[in-house]
Amino acid sequence: MVEEKNGTITITYRFRFYDKHLDWLFETRILYNKVVKHYYDLLTTYPEWLTISNFNLMRKLEVATIGTKEMQKAKEKASFPFIDFPVIPLYFRRAAINCAIGMARSNILFKAENFFAAPVYYKGMYKERKEDSILLKVYTKEKWKWSRYRFTGRQLPENVEVLSPIIDASQKQAYLQIPIRKQIVGIHPVKEQIKEVEKVLALSFPGNNSIAVGAILRKNGDLEKTMFFQGGLELKAKKKKWKRKWEREIGKEKENCLKKIENLNQFYAHRTSRRIIEFCKANGVTIIVIPNYQKTIDFSKKGYLKTDNFEWIGRRVIRYLKYKAFSEGILVSRVPTYHISDCCNECGAKIKRYNTGHIPSQNYYGGQLFLCPNGHQGNSGLNTARNVGKRFLSYYKEENRKE
């Protein structure tokens, strides 16, 4: 038997606040970023401070901005006090310090026009968190005030560690983000796990109506089950509306159109990744195999992907799939991409693609059907998925022989 190992994963749940005093949340976020900027400027002015540990650095920054009790008794002023700032609560200040330290250590350039951090709420800034509400300490632009906010969203899972919530607020809408740390039991490397499993799920991402195509393969390479995760045409139609509006608008409205498109991509990628995980759980699959899209894809050579990064969400699906799979005890493994889409999964010959009523061609990247010289034919996305799975299985067969 393979020795089981444990791991952890952090997942963020997102809840939408109801429309009550969202302006206070927005003002709190503005103040938070002013405090972050104050500490960030100190760290960039004195970069040698970054050589000390985070714990000592936090203490140093607090002394520099608010002083010590002894200094306050002696009526001595801090070296770099907050000027024209309201009173900054302890845990609000410490969250801002940690944000500033992280930015400075990562050499992130703070630009007010494009950096707008969401406040992390440490204990002391929130209390009485329930399934649909939370009591938050917020800044009203005049004073600090405790206010209860109701929200809607998925219920948090049981038996997890709930971390500090994050308040992501704008003038129009606000969200509560709650990170959780989940223990994963029974995780072990693919090389060990493949010896125990009987089948794997191989995926391709063709970029047409099927956002992803799945093929469950047995260890001998035989096809057990297929699944087409659709929604591509629906997504394309919705994005087309916003693209047309984007062409007409200017300024902020133009940016809002791009955000709408981005939100659509995010929604469909999340939905597709969830459906893939559900398919795995329903069929007892614990290993998913994907193409290794580490290098940037040359969209000019992939006609079916167009030249617009907004058109293809395969990478995004993969990114969401990895952490969602791990949280369910399912591992994701990658294989090289060469010749996974232009060769027949049955005989290895070069294929031609086509759609119904079209002439098959090797250059027809958008063809949803394929035909090979030896008479094999079918769905091109499924063909790619089977090539992905067979390449994975052949690799581990070779590894087992070496052992």
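## The Arg271–Glu234 salt bridge

Arg271 and Glu234 form a salt bridge, with their closest N and O atoms 3.7 Å apart; the term means a side-chain nitrogen of Lys or Arg within 4 Å of a carboxyl oxygen of Asp or Glu. Because Arg271 lies in helix H7 and Glu234 in helix H6, the pair ties together parts that are 37 residues apart in sequence. Helices here are DSSP runs (H or I, at least four residues), as are strands (E, at least two), numbered from the N terminus.

Arg271 counts as buried at 17% relative accessibility, whereas Glu234 is partly exposed at 39%. Buried means under 20% relative accessible area, exposed over 50%, and partly exposed in between (1.4 Å probe, protein chains only).

## Basis of the model

This is a predicted model, in which local features need pLDDT of at least 70 and side-chain atom pairs count only at pLDDT 80 or more, while totals for chains, interfaces and linings use all residues. Residues are numbered from 1 along each chain as its sequence is written, and side-chain values use heavy atoms, leaving out hydrogens and water.

## Other salt bridges

The whole structure holds 14 salt bridges. In one of them, Arg29 pairs with Asp168, the closest N and O atoms being 2.6 Å apart. Arg29 lies in helix H1 (residues 22-45) and Asp168 in strand S6 (residues 166-169), so this pair ties together parts 139 residues apart in sequence. Arg29 is buried, at 9% relative accessibility. Salt bridges also link Arg14, Arg29 and Asp168 in a network.
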